[in-house]
Amino acid sequence: MIKTDQINILAIETSCDETAAAIIQDGHTIVSEVVATQIDSHKRFGGVVPEIASRHHVEQMTQVLEEALTKASLTMADIDAVAVTEGPGLVGALLVGVATAKALAFSHQLPLIGVHHIAGHIYANQLIEPFQFPLLCLVVSGGHTELVIMKEHGVYEVIGETRDDACGEAYDKVARVLDVPYPGGPHVDKLAKLGSDTLNLPRIYLEEGSYDFSFSGLKSAVINTVHNAKQKGIELKKEDIACSFQESVVEVLVDKTYRASVEYGVKQVIIAGGVAANSRLREALRAKFSDKEVNLSIPPLALCTDNAAMIGAVAFNDYQKQAFSGLDLNANPGLDLEQYGKR
Amino acid sequence: MILAMDTSTDVLSVSLHNNQEIIEEYSSKNKNKHSTRLMPAIDRIMKEAKVTPQDLTKIVVGMGPGSYTGVRIALSTAKTMAWTLNIPVVGVSSLRALSLQASGDDLVCSFLDARRGLVYAGLYDKEGNEVLPEVNIMIDEWLEKLVALNKPVTFVSPDLATFQSLIRERLGERAQFKPKGHHLMRAGLLAEYGKDLAPTDPHLLVPNYLRLVEAEAKWLEKQKADQYDR
Ligand SMILES: [Zn+2]
């Protein structure tokens, strides 16, 4: 007999530079959560060095797991399944989590559940309030910019995605132009608050009706504007550059999200991913959806960045469906969200 | 019951040892499949031997050097199993494990191709003591060290073919090579070697990379240069 309530899932996430573990009950309650961040190790290189990330994961993984169990006052005997991010992400980093999860599941003969990282970001919201279908999710992170429609649990339809840089990537590149420390996104956000939208940077909407995004043109516009001003001997305020850039990004994100929410008649709009922590994006979405029927769900900051709780939230649905992975589960750095939902 | 594993080279190897002898051993040469095949291979030999995870009393793991990713697959698996089953874990250098194919010979050199003229290399005596510390080194430089010893050396390496003629040229008749079939990692020998060794805290067991990450090496070099400039 399979248990149906008080299901504890131990989840692992190592797709980038956070070594994370969490125990989630029934897909919505965080029993314990641990994230060992490596930001300090990568700072000096101005970005994540994949090999260094993998080395940290293998060193910290079991300690992070132990802390997650200790914090929850649970042992492996209380765990019903093991979940892990199988992709997308850095392959070497993912492999540590996958090998660890398989070893845990095998040692205690528990079901194993491979989870898509972006599904995780979306399900972070499920830890706050239940989904209302159909829902629309704006996924914005260092590796992703997507608009996803969900009509039921576990099924994803990507209606728009970036054609070049991810939104977070554009932030990182502009952060370099502004010469602010790594990670760039939060610093640009902070500077932007002190500036004004004075540079008239383009708003890139692509073709009429498209839900796709493009950020490389905007990034080039920032670089050119700064360069031209320098040539003319004009000193642009960093705060204004940051603000102008951010306003352009946010306007397009909010506008397309709003249009999609109307066209698809969704009940709920959620945002997910690292850039969902951006203060201006959160504020602009709240304003745009303030008087609407649609329920806007914005996860708390701690659930926007990479964590394992979100992976456990996704895995609960697979547990209920008894959709388990085999011991041959592999890391899949290019795992596609729609395909993942269909299997 | 001891479980041993190594995935640091193109060979995946797992074994079970009952404290008396090797009772199961499985090896497969297929470089890019370690992640998908390690756990099923362990599952398979344990089922064959009717051993459950709770029957395990110790884990021995090859901790590198070798493929960074490969090293981490076996190490993550071994660390996790040892920690969660609350049993001891022993990390053994993968070079040392390789050298066991020729144990008993006066001097055994095991090495792995580390690309761009570099090798990971170790040298052990009859009793298994390290004669020279394991290093990541230019093959020419390593062979000079061996020439200086002026003694017969037995070579064990899955990458022997790449360097055999060079070794013969430098060491002449002092170079001896194990016959074909004795150059691959064997987890059975790894278990035999590690069964009585003192364990490490699973949390603290780390890979034996023998090499810094390139970005880190460059960064350190730059720090040094900057200091010199000042
Ligand atoms: Zn993420």
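Predicted model: local features only at pLDDT ≥ 70, side-chain atom pairs only at ≥ 80, totals over all residues.
**Where the chains meet**

Let us start with the contact between the two partners. Chain A brings 31 residues to it, and chain B brings 33 residues. The size of an interface is often given as the accessible area lost when the parts come together. Here, the area buried between chain A and chain B is about 2,900 Å², and carbon and sulfur atoms account for 66% of that area. On the chain A side, look for R55(A), V58(A) and F106(A): together they supply 23% of the area that chain A buries against chain B, more than any other three residues.

Polar links cross this contact too. Between chain A and chain B there are 12 residue pairs in polar contact, counting pairs in which both residues have pLDDT 80 or more. Which helices of chain A each supply at least two residues of the side that touches chain B? They are α2 (50–72) and α3 (91–107). The largest share of that side, 11 residues, comes from α2(A). By residue type, the side of chain A that touches chain B divides into 16 nonpolar, eight polar and seven charged residues.

**Salt bridges**

Across all chains, the structure holds 26 salt bridges. Two salt bridges run between chain A and chain B. In one, the side chain of R72(B) meets that of E51(A); in another cross-chain pair, R44(A) is joined to E216(B). Some pairs from the structure are gathered here.

| Salt bridge | N to O distance |
|---|---|
| R72(B) and E51(A) | 2.9 Å |
| R44(A) and E216(B) | 3.2 Å |
| K222(B) and D226(B) | 3.3 Å |
| K195(B) and D196(B) | 3.5 Å |

Take R44(A) and E216(B) as a worked example. R44(A) sits in the loop between α1 (39–43) and α2 of chain A, while E216(B) sits in helix α7 of chain B, so this pair joins two chains. Are these two residues buried or exposed? R44(A) has 33% relative accessibility and counts as partly exposed. E216(B) has a relative accessible area of 19%, so it falls under the 20% cut-off for buried residues.

K222(B) and D226(B) both belong to helix α7 of chain B and are four residues apart, about one turn of the helix. D226(B) is partly exposed, at 25% relative accessibility.

**Aromatic rings**

The structure holds 13 aromatic pairs over all chains. One of them is formed by Y68(B) and Y209(B). Their ring centres are 5.5 Å apart and their planes stand at 85°, so the pair is edge-to-face. Y68(B) is in helix α2 (residues 68–85) of chain B and Y209(B) is in the loop between α6 (187–194) and α7 (214–229), so the pair ties together parts that are 141 residues apart in sequence. Both Y68(B) and Y209(B) are buried. Elsewhere in chain B, F111(B), F155(B), F163(B) and F177(B) form one aromatic cluster.

**Backbone details to look for**

Now follow the backbone itself. Where can you find cis peptide bonds? One joins Y182(A) and P183(A), with omega about -5°; P183(A) lies in the loop between α5 (167–177) and α6 (184–193) of chain A. Another runs from G64(B) to P65(B), with omega near 5°, and P65(B) is in the loop between β4 (58–62) and α2 of chain B.

Positive phi angles are worth a look as well. D26(A) is not a glycine, yet its phi is positive, about 55°. D26(A) is found in the loop between β2 (18–25) and β3 (29–37) of chain A, and D26(A) is buried, with a relative accessible area of 17%. L210(B), also not a glycine, has a positive phi of about 60°. L210(B) lies in the loop between α6 and α7 of chain B and is partly exposed, with a relative accessible area of 26%.

Terms used. Residues numbered from 1 in each chain as written. Chains lettered and ligands numbered in written order. Heavy atoms only, no water. Contact = heavy atoms within 4.5 Å. Buried area = accessible area lost by both parts, 1.4 Å probe. Salt bridge = Lys/Arg side-chain N within 4 Å of Asp/Glu carboxyl O. Polar contact = N/O pair within 3.5 Å; in protein donor to acceptor, adjacent residues only side chain to side chain. Nonpolar A, V, L, I, M, F, W, Y, C, P; charged D, E, K, R; others polar. Phe/Tyr/Trp six-rings, centres within 6.5 Å; stacked < 30°, edge-to-face > 60°. Buried < 20%, exposed > 50% of the residue type's maximum accessible area, 1.4 Å probe, protein only.
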